[in-house]
Amino acid sequence: MEHRCSVRKPFEFQLLIYKNGLPVQSSVSRNLGLGGVFIRAGGSGWRKNERLEVEFLGCGKAGMRLPAMVVHQSAHGVGLMFDGISGEQRRALRGLLFSADHDRKSPASAASVVGGSRAVA
């Protein structure tokens, strides 16, 4: 059963995943909605309900870092639900999602991560 309150759109951008304030993994988003994001993060080992932060890179929203919680995993990646984002963050996310060029794929995001994801040392 689907529990989302908003639609997800195909959206491919470079992401940086943080755990306890430290960058731990680089990844690429697969789709994005106001409620969350699905990321290509094979072999991440994140547990359900684990709290992370997601920073969107190269999308014109410098420093947009959102708190999120792991809601599901598959061989294709990890589903994250945004958790406790501010009104300002929600407006920035809405602007990103519904901008005129929301359907484009960022060439920088796909080129910078070979194989879907990589750990950050």
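This report covers the strands, helix, core and selected side chains of a predicted model.

Residues are numbered from 1 along each chain as its sequence is written, and side-chain values use heavy atoms, with hydrogens and water left out. As the model is predicted, local features need pLDDT of at least 70 and side-chain atom pairs count only at pLDDT 80 or more, while totals for chains, interfaces and linings use all residues.

**Strand pairing**

Helices (H or I, at least four residues) and strands (E, at least two) are DSSP runs, numbered from the N terminus. Two strands pair if DSSP finds at least two bridges between them. Strand 6 (64-74) and strand 7 (77-82) pair in the antiparallel sense over 6 bridges. A hairpin of 2 residues joins them. Across this pairing, Met69 stands opposite Met81 in strand 7.

Strand 7 also runs antiparallel to strand 4, with 4 bridges between the two. Here Ile39 stands opposite Val78 in strand 7. Buried means under 20% relative accessible area, exposed over 50%, and partly exposed in between (1.4 Å probe, protein chains only).

Helix 1 spans residues 87-97, and Leu93, Leu96 and Leu97 are buried in it. Seen down the helix axis, the buried residues fall within an arc of 95°, so they line one face. That arc is taken over the directions from the helix axis to the C-beta atoms. Glu88 and Arg91 are exposed and sit on the face turned away from the buried side.

Contact means heavy atoms within 4.5 Å. The buried residues of helix 1 pack against strand 1 (9-10), strand 3, strand 5, strand 6 and strand 7. Leu93 touches Leu32, Gly33, Leu34, Met64, Leu66, Phe82 and Ile85, not counting residues up to four places away in sequence.

A nonpolar core is a set of buried Ala, Val, Leu, Ile, Met, Phe, Trp, Tyr and Cys residues joined through side-chain atoms within 4.5 Å. The largest one has 24 residues. Leu93 is among those with the most contacts inside it, along with Leu32, Ile39, Phe56, Leu80 and Phe82. Strand 2, strand 4, strand 5, strand 6, strand 7 and helix 1 each supply at least two residues of this core. Its largest share, 4 residues, comes from strand 6. In soluble globular proteins, nonpolar side chains tend to be buried together.

**Residues apart in sequence**

| Pair | Sequence separation | C-alpha distance |
|---|---|---|
| Arg40 and Val28 | 12 residues | 5.6 Å |
| Gly79 and Arg30 | 49 residues | 9.7 Å |
| Ile17 and Phe56 | 39 residues | 9.1 Å |

Ile17 lies in strand 2. Ile17 is buried, at 0% relative accessible area. Leaving out residues up to four places away in sequence, Ile17 touches Leu22, Pro23, Val24, Gln25, Ile39, Trp46, Leu52, Glu53 and Val54.

Gly79 belongs to strand 7. Gly79 is buried too, with a relative accessible area of 2%. Its contacts, again not counting residues up to four places away in sequence, are Val37, Phe38, Met69, Val70, Val71 and His72.

Arg40 lies in strand 4. At 28% relative accessibility, Arg40 counts as partly exposed.

**Rings and charges**

Rings of Phe, Tyr and Trp (its six-membered ring) pair if their centres lie within 6.5 Å; planes under 30 degrees apart count as stacked, over 60 as edge-to-face and the rest as tilted. The count comes to 1 aromatic pair. Phe11 and Phe13 have ring centres 5.0 Å apart and planes at 45°, so the pair is tilted. Both Phe11 and Phe13 are buried.

A charge sits over a ring if NZ of Lys or CZ of Arg is within 6 Å of the ring centre and within 35 degrees of the ring normal. Arg65 places its charged end over the ring of Tyr18, 3.5 Å from the centre.

**Positive phi in two loops**

Asn20 is not a glycine, yet has a positive phi of about 55°. Asn20 lies in the loop between strand 2 (14-19) and strand 3 (22-32). Asn20 is exposed, at 71% relative accessible area.

Asn49, also not a glycine, has a positive phi of about 75°. Asn49 is found in the loop between strand 4 (36-40) and strand 5 (51-57). Asn49 counts as partly exposed, at 49% relative accessibility.
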